[in-house]
Amino acid sequence: MKDIAKRFEGNPLLSPADLKPSIDGLEIACLLNPGVFEYDGKTWLLVRVAERPKQTDDVISFPILTKSGGMEIMKIPANDPELDASDARVINYKGLDYLTTLSHLRLLCSDDGKNFYQPEGYPLLTGEGILQTFGIEDCRVTRLEEKYHLTFTAVSDNGVGVGLRTTTDWKNFDSHGMMLPPHNKDCAIFEEKINGKYYALHRPSSVDIGGNFIWIASSPDGIHWGDHRCIIKTRKDKWDSKRVGAGAAPIKTDKGWLEIYHGANADHQYCLGAFLMDIDDPTKVIARTNDAIMIPEAPYELTGFFGNVVFTNGHVVQPDGDTITVYYGASDEFVCGADFSLKDIFSLLKSDHV
Ligand code: MAN
């Protein structure tokens, strides 16, 4: 099956070797899943940078943040019978789960949307406090009334939840703690109020009954959330059979709110699709693509830290009103770009979507 993404010729735009590690003694294993926004006349990426010490054959080592803001390195003999390291992203040791890398978020900007550099004077965003000791990941950036809302995955041994910070200048940040408790991720706030309420997509996971489905919540103030409803489920035998999760803030179109989302199957192949919500009541899904709109196929999407993955949580709507530039993580290792035509996406949206 052919997808409808027009990949940038210059992909990957960013690889781990393009940036410097945040501290001596660590190396960058992966760059992935950037949040995207426009600010000060430039396109900005808030890239997830995943780091760990240089690995050796006999020891698996990874950093963890301490409650007081320091960092310690955990070391586990690779042949320890109590170690399960079968997934490159997560390990289980003595019955407890850990991440193999520690992620922070880093700001990069560009004049042309293709060549990105790290500007001076902007802080790295790192995990803070006991709910972010395993790092922060996959940030969605929503501009709401002059304030940027950052919703990101906050990971610690307490679980995986959604953290919220806000900023107006990208130098000073207000932390609003955990917006949605574990297990939850893939949260994107809409860029405007609808009938007086704020809305956000999110992805709680239910291990027994239920699954990894997309939900929608509303809020009177953009900080406190409720009225949760499940709107998009996984579909048996399709590309999104195992998990689905929202990308960035929905795009307002004359046909409704358009969301680009990721779906994975049981083989951990991550593709992109789209669905459309009613313009006045986004809890109503009116159409969804049956087929994926993007499927891993380029070499950098098939092979890397965790291959067979395209994953997005950021895009720019271009002034022509039809082109959506999607920035995405490929193979959990590279940052890439691709253009989509809104017309093409709409031609694949179906109302028999369930
Ligand atoms: C999860 C998240 C993402 C990652 C994908 C694919 O959904 O951890 O950050 O890109 O898995 O590994």
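This note goes through the chain and the ligand of a predicted model.

1. Basis. The model is predicted, so local features need pLDDT of at least 70 and side-chain atom pairs count only at pLDDT 80 or more, while totals for chains, interfaces and linings use all residues. Residues are numbered from 1 along each chain as its sequence is written, and side-chain values use heavy atoms, with hydrogens and water left out.

2. Chain. There are two helices and 26 strands (DSSP runs: H or I of at least four residues for helices, E of at least two for strands). Along the principal axes, the C-alpha atoms fill a box of roughly 55 × 45 × 45 Å.

3. Ligand shell. Asn 33, Arg 48, Arg 89, Asp 138, Lys 185, Tyr 270, Phe 306, Phe 311 and Asp 332 surround the ligand (a residue is near it if one of its heavy atoms lies within 4 Å).

4. Polar contacts. These are pairs of N or O atoms within 3.5 Å. Oxygen atoms of the ligand take part: one is 2.8 Å from a side-chain N or O atom of Arg 48. For a polar side-chain atom of Asp 138 the distance to a ligand oxygen is 2.5 Å, and for Asp 332 it is 2.6 Å.

5. Burial. The ligand taken alone exposes 310 Å², and the protein buries 92% of that (Shrake-Rupley method, 1.4 Å probe).

Notes. A polar contact is a pair of N or O atoms within 3.5 Å; within protein, one must be able to donate a hydrogen and the other to accept it, and residues adjacent in sequence count only if both atoms are side-chain atoms.
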